[in-house]
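Student: I would like to learn how to read the packing of side chains in a model such as this one. Could we go through it feature by feature?

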Amino acid sequence: EVQVVESGGGLVQAGGSLRLSCAASGDTLNDYMLGWFRQTPGKEREYVARISWSSGTPYYADSAKGRFTISRDEVKNTVYLQMNSLKPEDTAVYYCNAARNFLRYWGQGTQVTVSS
């Protein structure tokens, strides 16, 4: 089992930046993908980015390409989402996810609000 805890959300002006953190614990992450999703009220949870823990290979949704960067710290067991050029439509609760085979573990989310 993996526990993930998000942090780093907050209020930022359009065009600004935030770095989200996802601290993982409970199991080795070698066989996991660590990802970020986001959700607004009444909407489906949307995939943003993910990274292979073992290889460090990142993957991005189209909405994140060119603006967001996902990375990991293997010592701290932490995955980051660097978000630049933020837009009001990026406003959402951002969730961290650890995935291996059929297993899916979710954090509690961190609120990101981008003002105009």
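**Reading the side-chain packing**

Tutor: Let us begin with an aromatic cluster, in which ring pairs link Phe-37, Tyr-47 and Trp-106. Please keep in mind throughout that this is a predicted model.

Student: How is a pair of aromatic rings described?

Tutor: In general, such a pair is described by the distance of the centres and the angle of the planes. In this structure the count comes to three aromatic pairs. For one of them, Phe-37 with Tyr-47, the ring centres are 5.6 Å apart and the planes stand at 65°, so the pair is edge-to-face, the angle being over 60 degrees. Because Phe-37 belongs to strand S4 and Tyr-47 to strand S5, this pair ties together parts that are ten residues apart in sequence.

Student: What are the distance and the angle for the rings of Phe-37 and Trp-106?

Tutor: Their centres are 5.0 Å apart and their planes lie at 70°, so this pair is edge-to-face. The pair links distant parts of the chain, with Phe-37 in strand S4 and Trp-106 in strand S10, 69 residues apart.

Student: Which of the words buried, partly exposed or exposed applies to Phe-37, to Tyr-47 and to Trp-106?

Tutor: Phe-37 is buried, with a relative accessible area of 14%, whereas Tyr-47, at 23%, is partly exposed, and Trp-106, at 38% relative accessibility, also counts as partly exposed.

Student: Which residues touch the most other members of the largest nonpolar core?

Tutor: The general idea is that in soluble globular proteins nonpolar side chains tend to be buried together. Here the largest nonpolar core has 30 residues, and those touching the most other members are Leu-34, Trp-36, Val-79, Leu-81, Met-83 and Tyr-94. Among the strands that each supply at least two residues of this core are S3 (18-25), S4 (33-39), S8 (78-83) and S9 (92-100). Leaving aside neighbours within four places in sequence, Val-79 is in contact with residues including Leu-20, Cys-22, Leu-34, Trp-36, Ile-70 and Cys-96.

Student: Is Asp-90 buried or exposed, and where is Asp-90 found?

Tutor: Asp-90 is found in the loop between S8 and S9, and at 1% relative accessibility this residue counts as buried. A polar atom of the Asp-90 side chain lies 2.8 Å from the backbone nitrogen of Lys-87. Apart from neighbours within four places in sequence, Asp-90 is in contact with Arg-38, Arg-67, Phe-68, Ser-85, Val-112 and Val-114.

Student: Over which ring does the charged end of Arg-19 sit?

Tutor: The charged end of Arg-19 sits over the ring of Tyr-80, 4.3 Å from its centre, and that of Arg-72 sits over the ring of Trp-53, 6.0 Å from its centre.

Note on methods
Residues are numbered from 1 along each chain as its sequence is written. This is a predicted model: local features need pLDDT of at least 70, side-chain atom pairs count only at pLDDT 80 or more; totals for chains, interfaces and linings use all residues. Side-chain values use heavy atoms; hydrogens and water are left out. A nonpolar core is a set of buried Ala, Val, Leu, Ile, Met, Phe, Trp, Tyr and Cys residues joined through side-chain atoms within 4.5 Å. Buried means under 20% relative accessible area, exposed over 50%, partly exposed in between (1.4 Å probe, protein chains only). Helices (H or I, at least four residues) and strands (E, at least two) are DSSP runs, numbered from the N terminus. Contact means heavy atoms within 4.5 Å. A polar contact is a pair of N or O atoms within 3.5 Å; within protein, one must be able to donate a hydrogen and the other to accept it, and residues adjacent in sequence count only if both atoms are side-chain atoms. Rings of Phe, Tyr and Trp (its six-membered ring) pair if their centres lie within 6.5 Å; planes under 30 degrees apart count as stacked, over 60 as edge-to-face and the rest as tilted. A charge sits over a ring if NZ of Lys or CZ of Arg is within 6 Å of the ring centre and within 35 degrees of the ring normal.
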